[in-house]
Amino acid sequence: MEYCKLQLLGIVSLMLVLGNTQGWGEDGHAITCRIAQSRLSDSAAEAVKNLLPKYAQNDLGSVCSWADRVRFYLHWSAALHFADTPDNLCNYQYDRDCKDQNGDKGRCVVGAVKNYTDQLLDYGKDTQYNLTQALMFLSHFMGDVHQPLHVGFTSDKGANLVNVHWYTKKQNLHHVWDVNIIETAEERFYDSNIDDFTNAIQENITKTWSNQVKEWETCNPSETTCPNKYASEGINAACQWAYKDAPEGSVLEDDYFLSRLPVVSLRLAQGGVRLAATLNRIFG
Ligand code: ADE
Ligand code: ZN
Ligand code: ZN
């Protein structure tokens, strides 16, 4: 009995430690998905409700980090969380960059968004796919492709290998963008309340950014989703904001935090708006 408890504690601690290493953290993914769910058409909202597992209680935000939890045993899925470009080249090209470590084409976050969108188009048909998993993967990867350092440089693994200090704490630059900027914003400005931060972003979508939202939603008419565009913006933001003034060994404090928070807020907003637009196109 005691041994079981210890083992369970070990597994839970390991999940907590590992759980934060990829994608936006739990909060970033939940924010993206809650924004998305609030913008669904009636038919898309109905389809999402039908596809969500019961335990989600019709809250898409509650399952948006599921893909991060399963990547440690569904090994084939690990490469689908990011797309890295050649070092210091601040642009993204599908044919050049969307591959896994073995060079298998399409196995990156952009290919994953395309693939799970295609699977979900089978909704209402007799299908071989697990559409509940397809929805949870798509919702997660749409968030990841909007995290600028998920379209980062190859040799530093999207800045996972860039060591910095976040204020006084040792951290890597990738984690700063997955978790720390969001966490610090919540603590400092929103009473550590994720809903208040989400609502502030929602308000920006309807006010400050309202004249850009149509453009965010729009893809080439032949496409249901356009992750190449999202990834190109990502590596641009990575170069212009994430890597900039944050070399190995730097100490990142208020200057960096306050100038990058608007970029993080924008990318969370775009991820949510585009996940909704994609689901609305899929489910009619
Ligand atoms: N592993 C390698 N590159 C990565 C990236 N850009 N993001 C997350 N994990 C990675
Ligand atoms: Zn991820
Ligand atoms: Zn990450």
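**Entry 1: H2 and H7**

I began with a helix pair in this predicted model. Gly-28, His-29, Thr-32 and Cys-33 of H2 are in contact with Ser-139, His-140, Met-142 and Gly-143 of H7. I sorted the residues of this contact by class and got two nonpolar, six polar and no charged.

Next I looked up the geometry of the pair. H2 covers residues 26–37 and H7 covers residues 131–146; their axes come within 9 Å and cross at roughly 110 degrees. Angles of 65 to 115 degrees count as roughly perpendicular, so H2 is roughly perpendicular to H7. I noted the crossing of H2 and H7 as right-handed.

**Entry 2: H6 and H11**

I then turned to helix H6, residues 109–120, and helix H11, residues 227–242. Their axes lie 9 Å apart, and the packing angle is about 155 degrees. An angle over 145 degrees counts as roughly antiparallel, and H6 and H11 are therefore roughly antiparallel to each other. The crossing of H6 and H11 is right-handed.

For the residues involved, I found Val-110, Val-113 and Lys-114 on the H6 side. On the H11 side they meet Pro-227, Asn-228 and Ala-231. By class, the contact of H6 with H11 has four nonpolar residues, one polar and one charged.

**Entry 3: ligand 1**

How many residues surround ligand 1? I found 10. The closest are Phe-82, His-150, Gly-152, Lys-157 and Gly-158. I also looked up the classes in the shell around ligand 1, which has two nonpolar, six polar and two charged residues.

**Entry 4: confidence**

Last, I checked the pLDDT. The protein chain averages 94, and 92% of the residues score at least 70. Over residues 1–6, however, the pLDDT is below 50. Beyond near neighbours in sequence, I found zero contacts for residues 1–6 in the model.

Residues 8–21 also have a pLDDT under 50. For residues 8–21 the model has six contacts beyond four places in sequence. Where pLDDT is low, the predicted coordinates should not be read in detail. I left both stretches there.

How values were computed:
Residues are numbered from 1 along each chain as its sequence is written. Chains are lettered from A and ligands numbered from 1 in the order in which they are written. This is a predicted model: local features need pLDDT of at least 70, side-chain atom pairs count only at pLDDT 80 or more; totals for chains, interfaces and linings use all residues. A residue is near a molecule or strand if its C-beta atom, placed from the backbone, lies within 6 Å of it. Ala, Val, Leu, Ile, Met, Phe, Trp, Tyr, Cys and Pro count as nonpolar, Asp, Glu, Lys and Arg as charged, and the others, Gly among them, as polar. pLDDT is the predictor's confidence in each residue, from 0 to 100. Two residues are in contact if their C-beta atoms, placed from the backbone, lie within 7 Å. Axes are lines fitted to C-alpha atoms, for helices over the stretch in contact, and angles run from 0 to 180 degrees between N-to-C directions. Helices (H or I, at least four residues) and strands (E, at least two) are DSSP runs, numbered from the N terminus. Angles under 35 degrees count as roughly parallel, over 145 as roughly antiparallel, 65 to 115 as roughly perpendicular and the rest as oblique. A crossing is left-handed if the near helix is turned anticlockwise from the far one by less than a right angle, and right-handed if clockwise.
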